[in-house]
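Thanks for sending this one over.

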Amino acid sequence: MNTDNAGGAPGRVVVVGGGIAGLAAAHRLLRAGRSVTLLEATGRIGGKLHAGEIAGVPVDLGAESILARRPEAVELARAVGLGDRLQPPATTTASVWTRDALRPMPKGHVMGVPGDPRALAGLLSGEGLSAVERDRALPPAELGDDVAIGAYVAGRMGREVVDRLVEPLLGGVYAGDSYRISMKAAVPKLFEAARRHATLTDAVRAVQAAAQAPAGPAFTGIAGGIGRLPLAVAGAITAAGGEIRTDTPVRGLTRRPDGWEVRTDREVLHADAVVLATPARPAADLLAPESPAASAELASVEYASMALVTLAFRRADAASVPAGSGFLVPPVDGRAIKASTFSSRKWGWVDDGAGDLFVLRTSLGRYGEEEHLGRDDADLVALSLRDLGDAVGLAAKPVAAEVTRWTDGLPQYPVGHPARVARIRDAVAKLPALRVCGAAYDGVGIPAVVADGWRAADEILATPTPARSTRSDE
């Protein structure tokens, strides 16, 4: 076994994990003058941001858009030279496929919770609409420290609005179950407003009134795919003198009087500071010897698995696909797919590069409903084609199909998640010059994950190095 930099380079930080959180942290540390080595266990950087292709057409095989109304991801894209490639969707008109019909996605809601029940006409039954109206007649509800958003909304407005709208919208973000998902974690502004207002309807309207109407689109993409972002950040890191090592899983972390010892299969690296930007379970394993409390909390974070099925058709064969960006599918309807994105309609850069092909994709799997994911790729394609036929009349055989599986891809935010994150951070803060970041903490969206990487980097920059040898056994 070799020992790398046995004396410890001044200001050297090892970042463990090459997803967008680790890349964002490494980029920020380098710009502040630190020496950075980033270690990624797999052969590819980027995590769930993954650029690929189908039938020669560039596509995203993971996350496909950025919430542009949060600035962090857009700022990072511009900082690494992608500013001129930022491109909003060509259409944002979406539908909900429910009760055997595509129904327009209603407007005027906060993550599916309506501020005006009339906006749900056509999506909900008459009984469901009446249940939403009953919110105003109910006494104020006690939310406590946290509450499951599905259970709370169902209690005020009935299950139908949850099952037909809140559930598919939240499922599209978390691949989770809205009857378990923390309202405080997933929709914090609505949670706080609901604590101040007598009715949920008033809380939704307060959130809408407080939201400024920014110029520009709510979401944006990157021509060539969101998967270009981690590649560009990695290029900026290496251009600035940082080092990125793939196929380098970290096997252990040990605190030393002069910093941290990071063990891989091939070597031992010495660092003044460490950023752990891995999913929760690898972070739990690495922290077990040094912070049993943080490790135990991280080990309890659950994940959902999902699969994306990307399909390319002859454009003439896809004439039945309607206008719009795609549709969501409420789990209550019992379909295999949870959503479909009409990529050639949604993204101009896909359409431009597809020639006489038409590209779309479906998603399958969510927390507690992952039985389909045990099937082989051909079965997932067949399930997708069956549902697409029922939804939009698409009967043609695809020219090409690509199945991308994200096993344990999305962390779950159940009731109590914010308190758990606070406990993790309190325990980690007792370790000198080590921070954690990623999707397991404060949000799964790209801007939230970038922001968490920056937060970890900033806290490292504010920490004296080399790391002190004061041990906390907790």
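1. I began with the cavity lining and the elements behind it. β5 (57-60), α13 (348-354) and β21 (357-364) each contribute at least two residues to the lining of the largest cavity. Please keep in mind throughout that this is a predicted model.

2. Which residues line the largest cavity? They are Val-59, Asp-60, Glu-64, Thr-310, Ser-343, Trp-347, Trp-349, Val-350, Val-359 and Arg-361.

3. As for the space itself, the largest cavity has a volume of about 70 Å³. The structure holds one cavity of 30 Å³ or more.

4. Three strands make up an open sheet, in the order β6-β12-β7, with antiparallel pairing. The edge positions belong to β6 (66-67) and β7 (86-87); each has a single partner strand, so one side of each is left without a neighbour in the sheet.

5. Staying with that sheet, how many bridges join β7 to β12? There are two, and the strands run antiparallel, with β12 covering residues 219-222. If you want a spot to check on screen, Gln-87 has Gly-221 of β12 as its bridge partner.

6. The hairpin of β15 and β16 is also worth a visit. Two residues link β15 to β16 in this hairpin. Strand β15 (residues 259-264) pairs with β16 in the antiparallel sense over four bridges. Within this pairing, Trp-260 stands opposite Ala-271 of β16.

7. Are the residues of β16 buried or exposed? Strand β16 (residues 267-271) is mostly covered, with five of its five residues buried. Glu-267, Leu-269 and Ala-271 point one way from the strand, while Val-268 and His-270 point the other way, and all are buried. Ala-271, the residue opposite Trp-260, is therefore among the buried ones, taking buried as under 20% relative accessible area.

8. Finally, a word on confidence. The mean pLDDT of the protein is 93, and 95% of its residues reach 70 or more. Over residues 1-10, however, the pLDDT is below 50, and this stretch has 22 contacts in the model beyond near neighbours in sequence. The pLDDT is also below 50 over residues 467-474, a stretch with 27 contacts beyond near neighbours in sequence. I would mention both stretches, residues 1-10 and residues 467-474, when you describe the model.

Note on methods
Residues numbered from 1 in each chain as written. Predicted model: local features only at pLDDT ≥ 70, side-chain atom pairs only at ≥ 80, totals over all residues. Heavy atoms only, no water. 1 Å grid on protein atoms, 1.4 Å probe; cavity = no way out; pocket = protein on both sides within 12 Å on 5 of 7 lines; lining within 4 Å. Points joined across faces, edges and corners; volume = space filled by probe spheres on them. Pairing = 2+ DSSP bridges. Buried < 20%, exposed > 50% of the residue type's maximum accessible area, 1.4 Å probe, protein only. pLDDT = per-residue confidence, 0-100. Contact = heavy atoms within 4.5 Å.
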